[in-house]
Amino acid sequence: MPGSTPDIPVRRQLALLALLLALLAPGHPPARANEFPDRPVKIVVPFPAGGTADAIPRIVADWLSRKWNQPVVIENRTGAGGNIGAEQVYHSAPDGYTLLSSPPPSLVINHNLYPKLAYDPTRFEPVIVMAQVPNAVMVNPNNIKASSVPELIAFLKGNSDRTICATQGNGTTSHLTSELFQAMAKVKLRHIPYRGSAPALQGLVAGEVDIMFDNLGVSLALAQAGKLKLLAVASSTRLPSMPNVPTIAETLPGFESVAWYGIVAPPKTPKDIVAKINADVNEALRRPEVQDHFKKLSAVAFGGTVERTSKYMREEVDRWATVIRSANIKLQ
């Protein structure tokens with residue numbers, strides 16, 4: 001009939017509309033996780049290269065790049081105790097293509113230390129904790145003549161406020177561990193914050209500073225080479241790999257400090273993307289070659305579900321907040 005419009009195109013449009021609505025309806029399996037990643041992924045590390053905070057994510061990123069057939073790039077964005085890198089990721093697109101890999105400061109410590117941050121650590125989407133590494137007390141053997149924690153405490157009591165302690169930076173686990181030690185041992189140290197573990201250890205080896213509480217990831221090799229002296233570890237029990245090295249807790253009961261390295265995503269990153277990354281990192285952590293690399297850093301794989309990660313990070317907020325309050329630490 002002249003002037004009439006065929007109804008077949010209308011039916012097709014309605015069918016397409018119905019299909020689109022079905023795809024967008026709640027409960028339909030999202031396609032994002034199946035397609036992720038289809039381009040390079042960036043993992044921001046808010047501390048310098050050369051330390052364990054940089055080494056752990058590089059090991060995992062290398063494996064993920066092969067799993068995903070996409071580059072997984074580590075970008076060191078340092079400064080302000082980890083806040084600069086964390087802020088960058090916090091304000092990134094919530095699509096899984098920019099992630100943050102960090103030890104505790106950026107994730108569970110800094111919001112209890114700094115009066116104002118440009119990001120809210122509690123709003124990150126927790127993905128996974130890759131590994132834990134015990135902290136330990138190291139001294140420059142030329143500066144401090146001590147072979148045990150009791151001898152160290154005696155030395156510090158006789159050199160109150162004159163012994164210089166290097167840390168990875170203000171608010172780091174290295175810093176808070178030193179504050180915990182001072183409180184429990186009733187001694188006083190002069191604090192010199194560096195921008196990361198690697199430069200702090202360089203200062204300790206050079207004799208610019210006297211003592212440092214650092215994770216064993218990089219510092220153990222320096223002790224084995226005779227450049228530093230390892231007095232004790234900060235784990236709750238002696239390490240099976242070093243049964244002759246005592247714990248600090250054997251002298252100061254209850255003393256414990258473990259560094260860990262987590263991955264988080266920007267706020268509002270889709271749950272399916274978070275779950276995909278969590279599953280693939282867990283797969284990496286089970287690989288023998290990844291575990292072998294971790295072993296060289298004295299690291300133990302942690303892993304587990306997103307829920308386990310969230311619970312662990314909440315517990316760490318409470319634990320370090322207690323240390324901060326007890327030591328009355330305040331940063332600007």
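The model is a predicted one, so please read every value below as computed from predicted coordinates.

Let us begin with the chain as a whole. Its 332 residues, of which 53% count as buried, are organised into twelve helices and ten strands. Along the principal axes, the C-alpha trace spans about 105 × 40 × 30 Å. The chain exposes about 15500 Å², and carbon and sulfur atoms supply 55% of that area. If you look at the contacts in the chain with a separation of 6 or more, 79% of them are between residues 24 or more positions apart.

Five of its five residues are buried, so β3 is largely enclosed by the rest of the structure.

Which strands does β3 pair with? Strand β1, residues 41–45, runs parallel to β3 and is joined to it by three bridges. Here you can pick out isoleucine 43, whose bridge partner in β3 is leucine 99. Strand β9, residues 258–265, runs antiparallel to β3, and three bridges join these two strands. In that pairing, leucine 100 has valine 264 of β9 as its bridge partner.

Valine 264 deserves a stop of its own. This residue of strand β9 has a relative accessibility of 1%; a residue is buried under 20%, so valine 264 counts as buried. Leaving aside residues up to four places away in sequence, valine 264 touches Leu99, Leu100, Leu107, Phe124, Glu125, Pro126, Val127 and Met313. Arginine 123 is 141 residues away from valine 264 along the chain, yet their C-alpha atoms are separated by 9.8 Å.

Valine 264 also leads us to an open space, as it is one of the residues that line the second largest pocket. The rest of that lining consists of Leu107, Val108, Pro121, Thr122, Phe124, Pro126, Ser310, Met313, Arg314 and Val317. About 200 Å³ of space lies in this pocket. Helices α5 (104–109) and α12 each supply at least two of the lining residues, and α12 provides the largest share, with four. By residue type, the lining of the second largest pocket has eight nonpolar, two polar and one charged.

From here, helix α12 takes us on to the largest pocket, where it gives the most to the lining, with three residues. The volume of the largest pocket is about 420 Å³. Its lining has 16 residues, and those nearest the centre are Gln132, Pro134, Leu239, Ser298 and Val300. The elements that contribute two or more residues to this lining are β4 (125–139) and α12 (306–327).

How many cavities of 30 Å³ or more does the model hold? The count comes to one, and the volume of this largest cavity is about 140 Å³. Around it are 16 lining residues, with Ala53, Pro103, Gln168, Ser197 and Asn215 nearest its centre. Two or more residues of the lining come from each of α3 (52–68), α8 (197–206) and β9. The lining of the largest cavity divides into eight nonpolar and eight polar residues, with no charged ones.

One of those cavity residues, Gln168, brings us to a last stop, serine 174, which touches it. Serine 174 sits in helix α7, residues 173–185. Is it buried or exposed? At 0% relative accessibility, serine 174 counts as buried. Beyond the residues up to four places away in sequence, its contacts are Ala166, Thr167, Gln168, Met212 and Phe213.

Note on methods:
Residues numbered from 1 in each chain as written. Predicted model: local features only at pLDDT ≥ 70, side-chain atom pairs only at ≥ 80, totals over all residues. Heavy atoms only, no water. Buried < 20%, exposed > 50% of the residue type's maximum accessible area, 1.4 Å probe, protein only. Pairing = 2+ DSSP bridges. 1 Å grid on protein atoms, 1.4 Å probe; cavity = no way out; pocket = protein on both sides within 12 Å on 5 of 7 lines; lining within 4 Å. Points joined across faces, edges and corners; volume = space filled by probe spheres on them. Nonpolar A, V, L, I, M, F, W, Y, C, P; charged D, E, K, R; others polar. Contact = heavy atoms within 4.5 Å. Areas by Shrake-Rupley, 256 points an atom, 1.4 Å probe, with all protein chains shown as cover.
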